[in-house]
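Dear colleague,

The findings follow it, arranged by topic.

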Amino acid sequence: MVKKLWESLSGFERGLWAASVITVTVSFAASWLLSGRFDILTLTASLIGVTALIFVAKGQAAGQVLTVVFAVFYGIISFFFAYYREMITYLCMTAPIAIATVVAWIKHPYDDGREVAVGKLSALNKVILAVSAAAVTMLFYFILKALGNANLLVSTLSITTSYTASYLTLFRSPYYAIAYALNDIVLIVLWVLASMTDIAYVPMIFCFAAFLANDIYGFVNWRRMKKRQIG
């Protein structure tokens with residue numbers, strides 16, 4: 001199974017994955033040397049995350065399965081480190097939507113299941129997205145405020161972009177990658193702010209920079225998939 005998934009990647013995709021893994025690993029190693037702290041669990045979760053993204057960019061359900069693993073893994077880590085914003089986001093939103101997405105993608109295969117059939121949002125789904133995103137934003141704003149979350153507005157914005165990306169992924173829209181890219185940028189800003197007070201957070205900046213590169217490629221490849229599928 002693993003061999004088959006690896007062989008499905010192009011030379012560029014293998015290179016992008018390798019570059020992402022190296023970037024994340026080196027940043028964590030550098031942080032260890034500078035701060036004396038090394039979080040192997042967060043490094044592992046980050047590596048699972050970048051691996052998931054390359055297969056999501058390929059339109060393969062395996063990417064969503066890994067997203068579920070990443071979300072649960074990162075949510076549990078966040079709980080033990082008292083990062084309640086991340087815990088709530090990943091366990092209560094990202095993981096459940098990713099599970100639903102696995103089912104949706106399996107039910108909508110293209111080319112004998114080698115990739116998912118690219119979808120298009122209906123007018124109703126667009127309305128549901130707008131209303132639900134507003135509701136989720138308001139709900140999490142008050143939850144994060146009650147928890148005393150630092151950088152409240154930026155953190156709330158990351159919830160909005162993350163939810164939008166998950167929704168678009170569920171309905172197989174190429175624009176999921178744009179929403180995730182915006183989320184990556186928000187999170188880079190968030191971790192830059194955190195790193196100003198603690199250098200140990202610097203690896204997360206590089207982690208989400210790697211995520212950003214993968215999501216940009218995801219949009220490019222999904223547009224290519226859509227064009228090929230339409231014929």
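**Findings**

Ser46 is located in helix α3; helices (H or I, at least four residues) and strands (E, at least two) are DSSP runs, numbered from the N terminus. The model is a predicted one, in which local features need pLDDT of at least 70 and side-chain atom pairs count only at pLDDT 80 or more, while totals for chains, interfaces and linings use all residues. Residues are numbered from 1 along each chain as its sequence is written, and side-chain values use heavy atoms, with hydrogens and water left out.

With a relative accessible area of 1%, Ser46 is buried (buried means under 20% relative accessible area, exposed over 50%, and partly exposed in between, with a 1.4 Å probe and protein chains only). Its C-alpha atom is separated by 28 Å from that of Ala146, 100 residues apart along the chain.

**Salt bridges**

There are two salt bridges in the structure, a salt bridge being a side-chain nitrogen of Lys or Arg within 4 Å of a carboxyl oxygen of Asp or Glu. In one of them, Lys58 pairs with Glu13, and the closest N and O atoms are 3.3 Å apart. Lys58 lies in the loop between α3 and α4, and Glu13 in helix α2 (residues 11–35), so this pair ties together parts that are 45 residues apart in sequence. Both Lys58 and Glu13 are buried.

Glu115 forms a salt bridge with Arg228, where the closest N and O atoms are 2.5 Å apart. This pair links distant parts of the chain, with Glu115 in strand β2 (residues 115–116) and Arg228 in helix α9, 113 residues apart. Glu115 is buried, at a relative accessible area of 11%, whereas Arg228 is partly exposed, at 42%.

**Cavity**

The structure holds one cavity of 30 Å³ or more. On a 1 Å grid over the protein atoms alone, a cavity is a set of points where a 1.4 Å probe fits but cannot get out, and lining residues have an atom within 4 Å of a point. The volume of the largest cavity is about 400 Å³, a volume being the space filled by probe spheres set on the points, which are joined across faces, edges and corners.

Two or more lining residues come from each of α3 (40–57), α4 (61–80), α5 (84–107), α7 (152–170), α8 and α9 (202–230). Helix α5 gives the most to this lining, with eight residues.

**Surface and backbone**

Tyr175, Ile178, Leu182, Ile185, Val189, Val192, Leu193 and Met196 make up a nonpolar patch on the surface, with about 680 Å² of accessible area together. Such a patch is made of residues with over 30% relative accessible area and no salt bridge, its nonpolar side chains (Val, Leu, Ile, Met, Phe, Trp, Tyr) being joined within 5 Å; accessible areas come from the Shrake-Rupley method with a 1.4 Å probe, and for residues only the protein chains shown count as cover. Within this patch, Leu182 belongs to helix α8 (residues 176–195) and is partly exposed, at 46% relative accessibility.

Ile76, in helix α4, is partly exposed at 42% relative accessibility. Arg172 is found in the loop between α7 and α8 and has a positive phi, near 60 degrees. Most residues other than glycine have a negative phi. At 14% relative accessibility, Arg172 is buried.

Yours sincerely

Conventions:
Patches are made of residues with over 30% relative accessible area and no salt bridge: like charges are joined within 9 Å, nonpolar side chains (Val, Leu, Ile, Met, Phe, Trp, Tyr) within 5 Å. On a 1 Å grid over the protein atoms alone, a cavity is a set of points where a 1.4 Å probe fits but cannot get out, and a pocket is an open set with protein on both sides within 12 Å along at least five of seven lines; lining residues have an atom within 4 Å of a point.
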